[in-house]
Amino acid sequence: MHAFRSVLLFAALVSTTQTAAAQPLPSAVDIIAKHVQAIGGKEAIIKISSYKQVGTMEFPGMGLSGEMENYSAAPNMASTRMNIPALGEIITGTNGLVAWYADPMQGPRVLEDKELAETKASADFYGNLLFPADRYTTMENVGVVDFNGEKTYKIKLVRKDTGRESTQYFSVGSGLNLGSEAVQSSPQGDTPTVSVFGEYKEFGGVKLPMRTEVTAGTIKFIFKVSNTTINGAPVAIFDVPEAIKPLIKK
């Protein structure tokens, strides 16, 4: 009887495992909806039109660090200012039409073509918070994988405006977006980039990651946010910098 019972238990286990394995994966849309709810919900998100973040930027492999300010505003404006004592000030941004970048080594330049399109897409304020389906030609749940030590859904996204493909990783448990993979365009060529998001904290009813670790090719940097001000980005911060204006083609 004991042996017979053992066989029945084993058969039940196999049946349960097969049933679980046969269950379809949730759709990418459903997974993203869970993420939106996890960070505060659509109603809370659309009450926000901008934010300002201050913190530090660290380059562990180079022994460099400095202060950083990051501004973002709807519909597609962004401005980032870094001050690295050993290097100087680095600025990048877009007012939704023009995009720019400047550092002490390369000087100022206006971004064009693929860089311009990708910068404008990365500044898509509600697109980055809500992942609305109308921004993409492809939204696909590739499967369940481990990402940064946690079980996640691997979501493939392809944007309509740029054709750029990215992979986003959403926690199976919490629903939060834990990271992404994409290819970043630059004058030096395309660079594979992996971002890891963590330490989510609530501001104005919406949770945002307070720590972002990025590996771009062989370079790693970490952005640690010390404070976030909701609806605190001044409009003038997105004005084209004076050093950029003479470079804009008439």
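Start with the aromatic rings: the structure holds 5 aromatic pairs, where rings of Phe, Tyr and Trp (its six-membered ring) pair if their centres lie within 6.5 Å, with planes under 30 degrees apart counted as stacked, over 60 as edge-to-face and the rest as tilted. The model is predicted, so local features need pLDDT of at least 70 and side-chain atom pairs count only at pLDDT 80 or more, while totals for chains, interfaces and linings use all residues. Residues are numbered from 1 along each chain as its sequence is written, and side-chain values use heavy atoms, with hydrogens and water left out.

**Stop 1**

Select Y51 and F125. Their ring centres are 5.7 Å apart and their planes stand at 45°, so this pair is tilted. Y51 is in strand β1 (residues 50-59) and F125 in helix α5, so the pair ties together parts that are 74 residues apart in sequence. Helices (H or I, at least four residues) and strands (E, at least two) are DSSP runs, numbered from the N terminus.

Both Y51 and F125 are buried; buried means under 20% relative accessible area, exposed over 50%, and partly exposed in between (1.4 Å probe, protein chains only). F125 has 2% relative accessibility, whereas Y126, at 23%, counts as partly exposed. Together Y51, F125 and Y126 make one aromatic cluster.

**Stop 2: helix α4**

Select residues 113-122, which are helix α4. Which residues of α4 are buried? They are E115, E118, T119 and A121. These cover an arc of only 165° around the axis, which puts them on the same side of α4; the arc is that of the directions from the helix axis to the C-beta atoms. Show the surroundings next: the buried residues of α4 pack against β4 (88-94), β5 (99-103), β6 (107-110), α5 (125-130), β8 (150-159) and β10.

**Stop 3: salt bridges**

Side chains of opposite charge can pair when their charged atoms come close. A salt bridge is a side-chain nitrogen of Lys or Arg within 4 Å of a carboxyl oxygen of Asp or Glu, and the count comes to 11 salt bridges.

Stay on α4 and select K114 with D190. They form a salt bridge, with the closest N and O atoms 3.6 Å apart. D190 lies in the loop between β10 (177-184) and β11 (191-203), so the bridge to K114 in α4 ties together parts that are 76 residues apart in sequence. D190 is partly exposed at 48% relative accessibility, and K114 is partly exposed at 47%.

Go on to R211 and E213, a salt bridge with its closest N and O atoms 3.3 Å apart. R211 is partly exposed at 24%, while E213 is buried at 19%. Elsewhere, salt bridges that share partners join D124, D134, R135, R159 and D161 into one network. Within that group, D134 and R135 have their closest N and O atoms 3.0 Å apart.

R159 lies over the face of Y136, at 5.9 Å from the ring centre; a charge sits over a ring if NZ of Lys or CZ of Arg is within 6 Å of the ring centre and within 35 degrees of the ring normal.

**Stop 4: the nonpolar core**

Finish with I45, I155 and V206. These have the most contacts inside the largest nonpolar core, which has 36 residues. Such a core is a set of buried Ala, Val, Leu, Ile, Met, Phe, Trp, Tyr and Cys residues joined through side-chain atoms within 4.5 Å. Its largest share, 5 residues, comes from helix α2 (residues 28-39).

Centre on V206. Leaving aside neighbours within four places in sequence, V206 is in contact (heavy atoms within 4.5 Å) with I39, A44, I45, I48 and K201.
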